[in-house]
Amino acid sequence: MQLVCPAGNLPALQAAIDAGADAVYAGLRDQTNARAFPGLNFDDAELRAGMAYAHQRGRQVYLALNTYPDSARMSQWYAAVDKAAEFGCDAIIAAELAVLDYAARTHPAMKRHLSVQGSATTAAALRYMHERFGISRAVLPRVLSIQQVERLCEGSPVPLEVFAFGSLCIMVEGRCQLSSYVTGASPNRQGVCSPAKFVRWEEHADGRRSVRLNHVLIDRFEPQEPAGYPTVCKGRFEVGGEIFHALEEPTSLNTLELLPRLAQAGVAALKIEGRQRGVAYVGSVTRTWRAALDRYRDAPASWSLQPGWQPSLAQHAEGHQTTLGPYHRAWH
Amino acid sequence: MQLSLGPLQYFWPRERTLAFYREAADWPVEIIYLGETVCSKRRELGTRDWIALAEELVGSGKQIVLSSLALIEAESELGVLKRLVGHGGFWIEANDLSAVQLCREQGLPFVGGPTLNIYNHHALALLMDDGLRRWVPGVEQGHVLLRELREAMQGAQRNMPQLELIAFGRLPLAYSARCFTARALDVAKDQCDFRCIEYPDGMPLATREGTPFLRINGIQIQGEEITDLGPELPTLRELGVDILRLYPQLDGMAEVVAHFDAARRAPAAPSRIGARNGYWHGEPGMQPSSLA
């Protein structure tokens with residue numbers, strides 16, 4: 001299985017490659033990708049440098065072009081596809097039909113991976129993307145149980161990539177409007193969920209803190225309570241007279257213990273989430289997964305979790321908590 | 001301009017559901033969408049029942065469309081979709097790409113549902129080549145996007161498909177593998193006892209300040225506000241909107257239909273009966289008055 005790691009900037013890309021990533025994925029500094037955060041992503045010179053760094057070491061670079069252009073802005077996405085081809089990216093990761101169609105027609109030799117944002121959860125949906133746009137790989141949404149992933153590996157027309165670790169979108173990716181409902185800024189169109197410019201922290205006299213996303217109270221914290229970044233899906237709300245994390249707690253996905261099953265199912269690649277995270281996260285998480293994958297490659301029958309792996313990953317998890325998420329039925 | 005009843009998003013008891021649609025047979029709507037779009041475990045009406053209801057309602061002169069699940073995970077769910085498509089007598093509302101592909105393979109016309117993620121004219125044209133005949137834009141697509149898309153279609157010398165807008169109802173905002181109703185009731189999804197049947201208009205979720213915010217509806221999250229595009233009818237006409245979609249709510253649906261029936265016949269915009277839909281104006285979907 002290939003290890004695909006996040007590169008939010010050039011230092012993160014280098015850290016991922018140094019720590020053993022087989023491929024990294026990156027985005028341009030605009031709204032053509034789903035991590036369009038201020039200060040993140042690559043300009044042309046950085047992308048060229050990153051590609052050279054990866055290619056000199058025999059690794060790959062994928063360009064994420066996984067947002068949804070409206071009719072008035074399509075030329076920007078098409079130009080990004082052209083740039084990926086011109087720079088020699090090993091693949092683009094795209095979700096939107098027009099972007100995939102343009103890439104397939106204009107640069108047929110450049111590989112096209114279906115982004116998780118494309119929401120393809122069945123063999124039929126994957127067949128559509130394969131027949132229509134010649135995708136050569138698909139990233140599965142984080143909604144399927146491990147059994148469903150195993151079955152889909154058998155029926156898919158293309159190799160599959162699954163999320164292995166990182167922040168957990170609990171909604172079907174590409175089809176969540178919670179952030180735009182509150183802020184008006186659409187993750188699909190503008191490439192960012194819960195934009196920082198809409199986040200407002202309030203310190204109260206008693207030491208408590210409140211956090212709002214464009215006026216909507218997402219959560220309130222006691223003086224010593226750790227507070228996470230306010231996304232709607234990880235806030236505390238009142239339902240039926242009780243206040244709790246009604247949708248999900250601040251937690252990260254961690255599938256390390258499923259590694260042998262994913263490998264046996266025929267999963268082609270494991271994806272680490274986190275282009276918005278720093279060099280320390282990327283390096284450390286990549287090293288742990290590299291070690292786990294190497295150990296499995298060398299001795300699959302005797303593979304087991306090694307001491308230190310899980311604590312190291314948990315350190316980098318949201319709220320220091322991890323979950324098997326949808327891979328495990330009990331999460332549903 | 002035509003009126004449609006969108007698919008029932010909630011889980012109602014069998015008799016209530018059948019009674020609702022028998023009443024709807026006499027309402028001035030031209031199109032009725034039938035079927036389960038949220039959770040395959042909801043089986044007060046099974047696939048056979050929905051198809052039987054569809055065949056019955058065709059007799060009332062309505063166009064019947066069978067709606068597919070927005071999120072398909074299990075083989076059994078794909079099996080249901082194959083039966084809907086395989087029937088062949090009804091258009092399908094394709095709410096994910098599995099449905100698009102099955103309709104395409106079968107050569108069956110389909111409606112592009114609001115969860116298909118069509119944001120531009122080229123994607124729309126590609127899907128029209130696959131059999132899309134009608135398009136229901138997603139909830140966040142406002143009038144500017146639609147106007148630009150329409151102009152781009154003209155520029156590309158393509159005809160628009162029929163355009164259907166969500167004109168009334170709670171907006172479907174998100175779907176998950178997780179059932180949030182089960183989570184709120186502290187039961188496992190696999191042993192949920194179908195408790196969402198106790199919440200025929202969804203389960204209210206409020207902020208910690210008590211401001212109503214969202215509705216939990218099984219694996220779906222909706223906005224709290226029942227939105228109403230009625231007052232925008234003059235703009236909708238100008239944009240060439242063909243169909244107004246009204247999502248079923250438990251109470252007063254006959255009056256809602258009557259309101260929109262009168263509104264589509266009148267030249268002036270009707271008065272507001274629901275919340276302003278901010279998305280339509282390029283703003284947050286939540287209307288400002290509901291923000292704390």
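**Ground rules.** I am working with a predicted model, where local features need pLDDT of at least 70, side-chain atom pairs count only at pLDDT 80 or more, and totals for chains, interfaces and linings use all residues. Residues are numbered from 1 along each chain as its sequence is written, while chains are lettered from A and ligands numbered from 1 in the order in which they are written.

**Interface.** I found 56 residues of chain B in contact with 56 residues of chain A (C-beta atoms, placed from the backbone, within 7 Å). Helix 4 (residues 97–106) of chain B gives the most to chain B's side, with five residues (helices are DSSP runs of H or I, at least four residues; strands are runs of E, at least two; both are numbered from the N terminus).

**Across the chains.** I then saw strand 11 (residues 237–239) of chain A pair antiparallel with strand 8 (residues 203–206) of chain B over two bridges (pairing takes at least two DSSP bridges). Here A:E238 stands opposite B:A206.

**Around A:I92.** Leaving aside neighbours within four places in sequence, I listed the contacts of A:I92, among them A:Y62, A:L65, A:M110 and A:H113.

**A sheet in chain A.** I traced an open, antiparallel sheet of three strands in the order 8-9-10. Strand 8 (199–203) and strand 10 (216–221) of chain A are its edges, each pairing on one side only. Five bridges join strand 9 (residues 209–213) to strand 10 of chain A, and A:V211 has A:D219 as its bridge partner.

Technical notes. Contact = placed C-beta atoms within 7 Å.
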